[in-house]
Amino acid sequence: MPPAPISRVRAAAPGRVNLIGEHTDYNGGFVLPTAIPQRTRVELVARGDRRVTAHSANTAEADTYTLGDERRRGDWLDYVQGLTWALREKGFVEVGGFELHVTSDVPLGGGLSSSASLEVAVLRAIRDAFGLELDDLSLARLGQLAENEFVGARSGIMDQMAASLADESTALFLDTRSLEFRRVPLPAEADLVVIHSGVAHEISGGDYNTRRAECEEAARQLGVPQLRDLTHADLTRVERLPDPLGRRARHVVTEDERVLEAVAALERADLPRLGELFRASHNSMRDDFEVSVPDVDRLVELAQADEDVYGARMTGGGFGGSVVILARRGQGRAAGERIARAYAEQSGRNPTLLVPPPA
Ligand code: GLA
């Protein structure tokens, strides 16, 4: 007999901001995310039958389905359905029905992994309620499986790893191929600032999957299993690929190098160098990978021009979302407010300063 479920559990998981290493994860490369203070919180009450009923603070009506009869509906419940589907696929048959209450202050469409924080929070609650043997790494993989195979976004593993394993005082330096990771302390000499541009991005949208397919095609034409297998020495051959494959692959190869350099810069607290790497990363995402949008470029440029800023770049999948800024210690909030104000005036958008969080 499996142990009786614990009837009521609470769990949470944070959103993430990626410092550098964008669109490298599904190419087997390196990433460097850190947790943000905003998180998804869930409360789970075991029901004793096969129904799942989910309430979110954003939707008036409860959504419901039966375990074993998960079907994609194109709304937020797909993430929950995807998780119970993935758990069953992996043999966790002891999961029973439950009531779920979800609240979150991770903005949707902010490029800060609201979906991965939901997935990891729900998985933590299910793990505790039904006594599942799941370590933090397996939990991240289950979240990715749900997202890839059930929700239909072909995302990499970065966001779920960050939601499961990152904290706010370190950056998670992750090799997405081996899944080896190391926590690198964030420099005490700098403030991290995150501003949501007010342009919502849509990760399940086709552009993300198109970029991924382009990378896979570039790897195929270059005769390597993944773009991760290329280095600086291969750039000449990379650049000979037909457009846009050459530029896509160049972004990934140079971005992987920038992550390694950024880790070294973090470790010696070389903030000016880190700032340059942020800048180069943003330019590469804008010009080679083409995942930025004009308003986000404007926000990044305003930040880069600020006297208290070392560097700034768009973070996350792109096509909108947030920017991450490295600012002089003690100046983060003032600089963030100043930059957001100038951006709102110029763009007519409604930006939000998310980090540092409201006092
Ligand atoms: C999204 C995906 C991640 C990663 C980033 C881009 O956040 O979920 O797996 O690919 O985009 O770096």
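When I say contact, I mean heavy atoms within 4.5 Å. By that rule, 38 residues of domain 1 are in contact with 45 residues of domain 2.

Some housekeeping before the details. This is a predicted model, in which local features need pLDDT of at least 70 and side-chain atom pairs count only at pLDDT 80 or more, while totals for chains, interfaces and linings use all residues. Residues are numbered from 1 along each chain as its sequence is written, and side-chain values use heavy atoms, with hydrogens and water left out.

Now the two domains. The protein chain splits into domain 1, residues 8-183, and domain 2, residues 187-355; these bounds come from an automatic or database domain assignment. Their C-alpha centres are 24 Å apart.

On to the interface. The two domains bury about 3400 Å² between them, with 59% of that on carbon and sulfur atoms. Buried area here is the accessible area, taken with a 1.4 Å probe, that two parts lose on being put together, summed over both.

How many salt bridges cross between domain 1 and domain 2? The rule finds five, where a salt bridge is a side-chain nitrogen of Lys or Arg within 4 Å of a carboxyl oxygen of Asp or Glu. Over the whole structure, the search gives 38 salt bridges. One of them pairs D63 with R73, the closest N and O atoms being 3.0 Å apart. D63 sits in strand β5 (residues 63-66) and R73 in the loop between β5 and α1 (77-89), 10 residues apart. Helices (H or I, at least four residues) and strands (E, at least two) are DSSP runs, numbered from the N terminus. Another salt bridge joins E216 and R154, with 3.2 Å between the closest N and O atoms.

Back to the interface: 22 residue pairs are in polar contact between domain 1 and domain 2, both residues at pLDDT 80 or more. A polar contact is a pair of N or O atoms within 3.5 Å; within protein, one must be able to donate a hydrogen and the other to accept it, and residues adjacent in sequence count only if both atoms are side-chain atoms.

Last, the ligand. Of the 13 residues around the ligand, E22, H23, D25, D159 and Y208 come nearest, a residue being near if one of its heavy atoms lies within 4 Å.
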